[in-house]
Amino acid sequence: MDNFTHDPSRICALILAGGAGRRVAGRDKGLLQWHGLPLVAHVHDTLAPQVSEIIISCNRNRERYARIAPLAPPDLRTGYQGPLAGLEAAAPMLQRDFILLAPCDTPALPPELAARLACALQQKPGAQAAFVRAGNRNHYLCALLRRASLAGLGAYLDRGQRAVRHWYTRLDAVPVDFPAQQEAFANFNDLGDFA
């Protein structure tokens, strides 16, 4: 992959902030404050040195998210159909060779995230995606995708499929271990997490 590991100019990031916030009483999780900033701002600031550009996928409070980064169009499909619907809507804006995915509720992502995932793709040229495994748990939304992997996404969603992990099996996705870094991928899924 021709020194891709050291070339952030070939990567764009998509922060996924389009959920309905069901586990946080319907609030917009990416905008909830943690250490004085919205969660999405922490994610943005961590990813910024690792990529050439950052886009946010969101379905509400768009004017607030737009203060942090350019926005993808809202989901093309109604009813909050999951992160892949956000990726589908964002696809025309994702013009780099690789797309780094990150959810808006993981504010402590590691600074070497893109490089480690890129290394895995370099070692397995047939893989279309690499995703994080930490603490024996897969984090499918912390992932690096080859742009070509988006070609069949719309058809997958048209069949009523929504699961990221099942889509990844079609992409020959490779897990990448981040040992002893479970906390870096902790999701804020409950209002108590903000205490």
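**Exercise 1. What covers the buried residues of α3?**

Before starting, note that this is a predicted model, where local features need pLDDT of at least 70, side-chain atom pairs count only at pLDDT 80 or more, and totals for chains, interfaces and linings use all residues. Residues are numbered from 1 along each chain as its sequence is written, and side-chain values use heavy atoms, with hydrogens and water left out.

Step 1: find the helix. Helices here are DSSP runs of H or I with at least four residues, strands are runs of E with at least two, and both are numbered from the N terminus. Helix α3 spans residues 83-90.

Step 2: check burial. Buried means under 20% relative accessible area, exposed means over 50%, and partly exposed is in between, using a 1.4 Å probe and protein chains only. Seven of the eight residues of α3 are buried, so the helix is largely enclosed by the rest of the structure. Those buried residues are L84, A85, G86, L87, E88, A89 and A90.

Step 3: look at the cover. Counting contact as heavy atoms within 4.5 Å, the cover includes β1 (11-17), β4 (53-58), β5, β7 (137-146), α5 (153-158) and α6.

**Exercise 2. How many aromatic pairs does the structure hold, and why is the pair of F131 and Y168 called stacked?**

Step 1: set the rule. Rings of Phe, Tyr and Trp (its six-membered ring) pair if their centres lie within 6.5 Å; planes under 30 degrees apart count as stacked, over 60 as edge-to-face and the rest as tilted.

Step 2: count and classify. There are five aromatic pairs. The ring centres of F131 and Y168 are 5.6 Å apart with their planes at 20 degrees, so this pair is stacked.

Step 3: F131 sits in strand β6 (residues 129-134) and Y168 in helix α6 (residues 164-170), so the pair ties together parts that are 37 residues apart in sequence. Both F131 and Y168 are buried.

Step 4: F178 and F185 are edge-to-face, 5.2 Å centre to centre with 75 degrees between the planes. Both F178 and F185 are buried as well.

Step 5: look around these rings. Ring pairs link F131, Y140, W167 and Y168 into a cluster. A charge sits over a ring if NZ of Lys or CZ of Arg is within 6 Å of the ring centre and within 35 degrees of the ring normal. R116 lies over the face of F178, at 4.1 Å from the ring centre.

**Exercise 3. Is D105 buried or exposed, and which side chain does D105 join in a polar contact?**

Step 1: locate the residue. D105 is in the loop between β5 (98-103) and α4 (113-123).

Step 2: read the accessibility. At 6% relative accessibility, D105 counts as buried.

Step 3: find the partner. A polar contact is a pair of N or O atoms within 3.5 Å; within protein, one must be able to donate a hydrogen and the other to accept it, and residues adjacent in sequence count only if both atoms are side-chain atoms. The side chains of D105 and K29 are joined by one of 2.9 Å.

Step 4: check the record. An unreviewed UniProt entry places the feature "binding site" at D105. UniProt positions are given in the numbering used here, feature names are shortened, and annotations may be inferred rather than shown by experiment.
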